[in-house]
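Open the model in your viewer and keep the selection panel handy. This tour goes stop by stop: what to select, then what is there.

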Amino acid sequence: MRVSYEWLKSMVDVPENPQDLVAEYVRTGTEVEAVEKVGANLDHVYTAQVVSKKPHPDSDHMWLCLVDVGQHNVDEKGNPVPLQIVCGAQNFNEGDKIVTAMIGAVLPGDFKIKKSKLRGLESCGMNCSERELGLGSDHDGIIVLPPDAPVGMPFTDYRGLSDTVIDCEITPNRPDCLSMTGMAVETAACLDEDTHIELPSVKQAQGPDVHDLVDVTIDDPELCGRYTARVVRNVKIGPSPEWLARRVIAAGSRTINNVVDVTNYVMYLTGQPLHAFDLGKLIERDGKRHIVVRAAADGEKLTTLDGQVRTLTSDMAVITDDGHTPIALAGVMGGLDSEIDEGTTDVLLESAVFNPGHISRTSRNLDLMSEASIRYERQVDGANCASVAEVAAALFEECCGAEVCPGTVDEYPAPVPAPVITMRADRVRALAGARIPDEFMSKRLARLGCTVEPAGDGTFTVTAPTNRPDLTREVDLIEEVVRLWGEGDIEPTLPAARNHAGGLTVEQQRIRKIGATLRAFGLSETSTYCFADEGDLAKLGMSDAHRGLPVQIINPLVADQAQMRRSMLPNLIRSVAYNIDHGVTNVGLYEIGRVFYGGEGKSQPEEPTFVCGVMSGHRADDAWDQKYPEYDFFDAKGAVEQLLSALRIERVRFKVADPEQYTWLQPGRAAEVYANKGELVGWVGNIHPLSLRNFDVDVPVVAFELSVEKLLGLAKRELPYVEVPTLPGVSHDLAIVVDESVTCETLEQRIKSAGGKLLAGVRLFDVYRDPIRVGLGKKSMAFSLEYRAADHTLTSEEVERTHAKLVEKVLRATGGEIRG
Amino acid sequence: MAMSDDLKAIEAQVQEGLRSVESPEALEALRVNVLGRKGSLTAIMHMMGKVSPEERPAMGQLANTVRTHVDEAIKQRKTELEQAALAMRMAADEVDVTLPGRQLTPGTQHLISQIREEIEDIFVGLGYTVEDGPYVETTYFNFTALNAPEDHPSRSAKDTFYVVDNAPEGKEAHVLGESDVLLRTQTSGVQVHVMEKKQPPIYMICPGTVFRPDTADANHLPQFTQVEGLVVDEGITFGDLKGTLDYFTREIFGKDRATRYRPHFFPFTEPSCEVDVSCGVCGGKGCRFCKNTGWLEILGCGMVDPNVFRYCGIDPEKYTGFAFGIGVERVAALRYDLPDLRMLMTGDMRFLNQF
C-alpha cells in the first residue's frame, strides 16, 4: 500500500517529518518497504515578483516585464538579477507575486521553456497560468499569488505539490490497511491521535430512480455477499482534476479518465473495489438492465479488460448481462465489452463483496492479480458497500459532471454482524508478561475503531469494526494491545520451567558421530539438492527396483529438478564434476541426507536417510616429503570400516557385489557391506566408468552409500572390555603363496581357526605378485602372527610347535605353499 | 715421601691426559690406565700395606683424595664429550622450520550444518529436545493445522512446491496445479506432529530442510534450512519469548548485539513478530550491509495461536506457548557476508574447506 503523506495528513495529524511516522509504523507492525519523494515535475518553476511592467513597444497587448526570481538568476558577483520576460496576460500589476517558469522548465504537455524573441524583444521565461502548469482549466490569466508569498521558492514546495509516499507492506490479515481511511485509523491508533475523515456525498440526485433502471440478482449468496448498484448519467469523459490524478498516481495507478480514476480513487480511499460499466453497452429488457451474479460455466469464455481471453471454471463467479453473457470476472477484472470509453455517457457503478476463497482461487487459477482481487481475497467489508457507492457517485457528480440518479440497488442477502468479543484485562497482561493498564487497552482499541465497554470483573466487551476480519477472538485483541504497547518495551524473561529435560537422543548423537568420523577420515561434508532429474537413475545405470515411485513435483522451477531424488549419488557425482571443471582434482565429499521412495496409493513417500561418500583424485596434493596415492577402492572401503568401527558395529563383512544388481559399479571393484548377523548396510565400490561418462567425469570415482537407519540400528553404546595383555607375545611372519582365487578373508579365517587359543593377532602386511618368483596366477600373502598366552610366558618350543601346526593346517586348507 | 709424589704425579698426568682426550674411547683408555685393574693408581693403592703404620693414615687419605679427583675429572670430561657429541648430532639434525608441517587432513563440516549444530546446542542447553518430520508433507500439517485458511494466498503454487498425490481419492484439489501433498515450506508443521504426540511441557526445536519455489540466485535457494522452535507450558509469556530469543541471538552473534521486535503476522502465532539483530558491521549506525537501517532481520516468532492448540488437542486456557523460525542460511550469510548462497550447494572444495 502506497500511502501519500499529503493525503494521510488530510485525515489525521501526523508528525512533520515522515520518517518519524515510519519509526512508529515499524514499532507497531506496519512494515515499510520504501519512502519516496514524489511530486509534480515542475523543476525551474518558482514563485516570483513583478519588479516592473511596461508596454511592449511593438505590441498593443503585450508587456515587457522584469521579474525577480531571487537567487535563481544572478550576475557574476552572485547578486540577484531580475529576468526580462515578455508577457501577454492582462491580470497583473507591478509588485504582484506570480509564478514564473525559467529556461529549462518542461511544463505538462512536454512544453519546453526556451529563450525566445517576441516582436524583437528577448524573453527569458514565462509567467504561468494554472492550465499551463497542469493544475486546472483556468487560462484567463496568469496565477497571482497572495502578497505574502515568498519569492524564489520552488512552486511545488509552495503549493504543496511535492509529496512523500510511504510504501507499506501490508500483511494478509489486514485488508483494512489497503485503504487510506484504514491507514488513517491505524496511524491514529499508533500515534494516539484523532482522525478527521470527511467523505463527500451527492449534492443533488436527479433523473429516474435507479430501481427503474437496474435490477440485481445474486444466484448464490456464497459467491457474492452483497451487491449494490448506482447509475449516473451524462458523464463527460475527460481528464481527472489535478488533485484526484495526483492521489491516484501516488497510490500507484495510472490516470485513465475521470470515471475510471474516480473508481480507483475511491478504492484507494476506502478499500472497497468498484467497477464502472458502460450502461449503454448492457442489454436492455423491459426498459431495465439486469445484473445477475452467478457461477461461471466450465469452459465459459470472457475477454477481460487487459484483452486476454479467459477460460472460466464453475468455481469462479461472473457478473452477467441478464444472466447470459459474462460482463466481468467478479472481484478480479471487468470485461472488455462493457469498458468505459470516450463515448460513454451513462455508468452503472458496482460496489459489491465477493467470497475471498473463490477470488483467491480464481486469481491463482488464471494467474491474474488485480488491485480488486488483492483486496477481495483478503476480505472486503460488506457493511460498507452502499456508503462507498455514495462517495463514488458524489465524485462522479463533482469530477465528471454526472447527474446522479437517486437511490441504490442493494442486494444484501445476509448482513454480517460485527463480532462482539469479551476481553479479560488480566489475560492480556498474563500473555504479554507486562503490566499494561486497563485504560491503555480501552483507549487504543477505541482508536482502532472498536467499541469498548467495561463489563466488570476486569473484562471488556469489545465490538470490533466490520472492516477488521482479523478481530474475532480475545487473542486478536490482545495482539492489538501488545503491538500498540510496544513489543520492545516488554521485559525479557526466561521460562520458569519445571518438569522437563532436553538433550540430543542417542540416535542424534550417533548421526553427529557419523559425520565426525568421516571428517576425521578426510572427507568434507557437502549439501546437494533433494531434487533430481527424471533421467538421473538411468544415467547412472541404476535400476529403480526397491527405490519406489518417483515423487513428482507439479510445479518445478526447472525441468531437471522435477522429481525428488531416489539416490544421492547423481548429485554428488555432479559435485565431483563441478570441482574438476573448476580445476580442483582432489575431491572427497560426503553427505547425510534423505531420499524419497514414493508408493502406489500412498500420499507421502518413505524418506530413508543415507550417508553417501565420493572420492576422486588424491587424498592430498604431493607434499615436499611425501606423496599421496590416488583414491581407490580401498580408500572408500577404509572410510566405511572406520565409520562402522566408530559406531561399534561388529561382524562387518564385505562381499563381492553382483554386477547384475550393482550395475552402476565397476565389476570386480564393488562390494556389499554386511554387519552383525548378515544384515545388508550398503555398498562400496568404484563407480562404473560408463556411468561416470554420462556425468562428464572421465577420472575414477570411488564411492559408498550406507543406510543411516541400519547404522543406527546396529550401533552400540559400548563393547565389552578386553584385558590389556601383561605378558609378552612372540611374533612370527608367514608368507604363503596361494592361487589368485583364494581371498584374503578365506586365508585369514584359515589362519585364525588353525592358530587356536595361542594366536592373539593376525595382520596382513604384504601382497606380492611376480610371474617368475611367485608364479603365474598366484600371489604371495605375508602375515604377521602374534602368539601369546594369557597365563604364562610362552616358551620358544611352544611357539614353534603351534606355528608349525598352523602352517601345516593352513597349507592343507588353501592348497598354498610357503614362500621360500 | 716418594709415594705422595707419585700420587701427585698421577693426578697431574690425568689432568694433562684429559686435556688431549677427544673421544669416549680415548677417555676410556685413559680411565683404564689409571683406575683399571692394572692402572697406575690402583697399583699404588695395592702398595698401601707396605707403608709404615705412622704414615699410613695420611698417605691413605691422600690416595683417596687423588682417586676422587681423578674419578671426578674423568666423569666431568665424559659429560663434556657427551654434550659435545650431542651438540654435533643436533647441529646435523637442524631443519628449516618454515617448511610445511605434516598434517592429517581431516575434512570439514558444511557451514550450514555447523550453524545448525550450534543452534541445536544452544537450545539443548536451555533444555530443549530436537525433533524431526517429513519433508514431503500434507497441506494439513503445513498449512491447515497451522491456522492458514484454506484459500490463503500463502498456499499458492508460487510459494509452495506441490507434488503428485498418489492417493488422491476423496480429495479435491481446489486450484489447478495444487494438491494435498507438498514439499514443506516451513518446519512449523513439526510443531503439530509433536503436539499431537506429546502433552506439555514441550520445549523443542526442529531443524530441517524446507523448500520454496524461489529460483536460485545470490540471495535465494529453492531448498534451504530452518530451525523451528516451540515451547508450550503453563504461564508462558511474550516476555519469555523475548528472553529466550535474546539469549539465542547473543549466543549466536555475540554478547554485544542488540535485538529489535517488530510486530508482524503469521497465521499460527498471535501476537507475532519479526526479530532484527543490530548490524555487526556498523554496530547499528547504518551501513551498506544493513541497507542503512542498522538492523538485520533474522527470524520470525510469536505466541502460539489458540486455534493451533485446539487442532492439536491442547487446552489454550491452561497452556500458552511461543514458536519461532530461524533461517540458517540467513545466519550464515550474516556471519560471513556470503556473496552468493548458491556456493552452499555446489560442493566446491575450495568453499567447503574454509569453514
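This is a predicted model: local features need pLDDT of at least 70, side-chain atom pairs count only at pLDDT 80 or more; totals for chains, interfaces and linings use all residues.

**Chain A, whole view**

Colour chain A by secondary structure. There are 20 helices and 42 strands. The radius of gyration is 43 Å, well over the 28 Å that the globule rule gives for 820 residues, so chain A is more spread out than a compact globule. Of the 820 residues in chain A, 42% are buried.

Select residues 317-321 of chain A, which form strand 21. Is this strand enclosed or open to the outside? 5 of its 5 residues are buried, so strand 21 is largely enclosed by the rest of the structure. Show the side chains next. In a regular strand, side chains alternate between the two faces of the sheet. Here Ala317(A), Ile319(A) and Asp321(A) lie on one side, and Val318(A) and Thr320(A) on the other; both faces are covered.

Strand 18 pairs with strand 21 in the antiparallel sense, over 5 bridges. Find Ile291(A): its bridge partner in strand 21 is Asp321(A).

Thr320(A) has Pro326(A) as its bridge partner in strand 22. Zoom in on the hairpin between these strands. It has 3 residues between the strands, and Asp322(A) takes a positive phi near 60°.

**The three-stranded sheet**

Move to the open sheet of 3 strands in chain A, with order 27-29-28 and antiparallel pairing. Strand 27 (420-424) and strand 28 (451-454) stand at the edges with a single partner strand each, so one side of each has no neighbour in the sheet. Neighbouring strands are turned by 25° against each other on average, direction ignored.

Select strand 29, residues 459-463 of chain A. 4 bridges join it to strand 28. Pro454(A) stands opposite Phe460(A) of strand 29. Helix 10 of chain A packs on this sheet, touching strand 27 and strand 29; its direction makes about 65° with that of strand 27.

**Two crossing helices**

Select helix 11 (residues 438-447) and helix 12 of chain A. Their axes are 10 Å apart, at an angle of about 100°. The two helices are therefore roughly perpendicular to each other. Which residues make the contact? Helix 11 of chain A gives Phe440(A), Met441(A), Arg444(A) and Leu445(A). Helix 12 of chain A gives Leu477(A), Glu480(A), Val481(A), Leu484(A) and Trp485(A). By class, the contact residues are 7 nonpolar, no polar and 2 charged.

**The seven-stranded sheet**

Next comes an open sheet of 7 strands in chain A, in the order 30-33-34-38-37-36-35, with mixed pairing. Its edges are strand 30 (524-525) and strand 35 (653-656), each pairing on one side only.

Select residues 665-675 and 679-687 of chain A, strands 36 and 37. They pair antiparallel over 7 bridges. Ala670(A) has Gly685(A) of strand 37 as its bridge partner.

Then show the helices on this sheet. Helix 13 (residues 506-521) of chain A touches strand 30, strand 33 (587-594) and strand 34 (609-616). Its direction makes about 170° with that of strand 33. Helix 16 (residues 633-646) of chain A lies across strands 34, 35, 36, 37 and 38, at about 25° to strand 38 (701-707).

**Where chain A meets chain B**

Turn on chain B. The contact takes 83 residues from chain A and 80 residues from chain B. Several elements of chain A each supply at least two residues to its side, among them helix 2 (18-28), helix 7 (356-366), helix 13 and strand 33. That side of chain A has 37 nonpolar, 32 polar and 14 charged residues.

**Last stop: strand 39**

Select residues 730-739 of chain A, strand 39. Strand 41 (residues 778-787) pairs antiparallel with strand 39 over 10 bridges. Asp739(A) stands opposite Lys778(A) of strand 41. Strand 42 (residues 817-818) of chain A also runs antiparallel to strand 39, joined by 2 bridges. There, Ile736(A) has Ile818(A) as its bridge partner.

Definitions and conventions:
Residues are numbered from 1 along each chain as its sequence is written. Chains are lettered from A and ligands numbered from 1 in the order in which they are written. Two strands pair if DSSP finds at least two bridges between them. Two residues are in contact if their C-beta atoms, placed from the backbone, lie within 7 Å. Axes are lines fitted to C-alpha atoms, for helices over the stretch in contact, and angles run from 0 to 180 degrees between N-to-C directions. Ala, Val, Leu, Ile, Met, Phe, Trp, Tyr, Cys and Pro count as nonpolar, Asp, Glu, Lys and Arg as charged, and the others, Gly among them, as polar. Angles under 35 degrees count as roughly parallel, over 145 as roughly antiparallel, 65 to 115 as roughly perpendicular and the rest as oblique. A residue is buried if 20 or more other C-beta atoms lie within 10 Å of its own, exposed if 12 or fewer, and partly exposed in between; C-beta atoms are placed from the backbone. The radius of gyration is taken over C-alpha atoms; the globule rule is 2.2 Å times the number of residues to the power 0.38.
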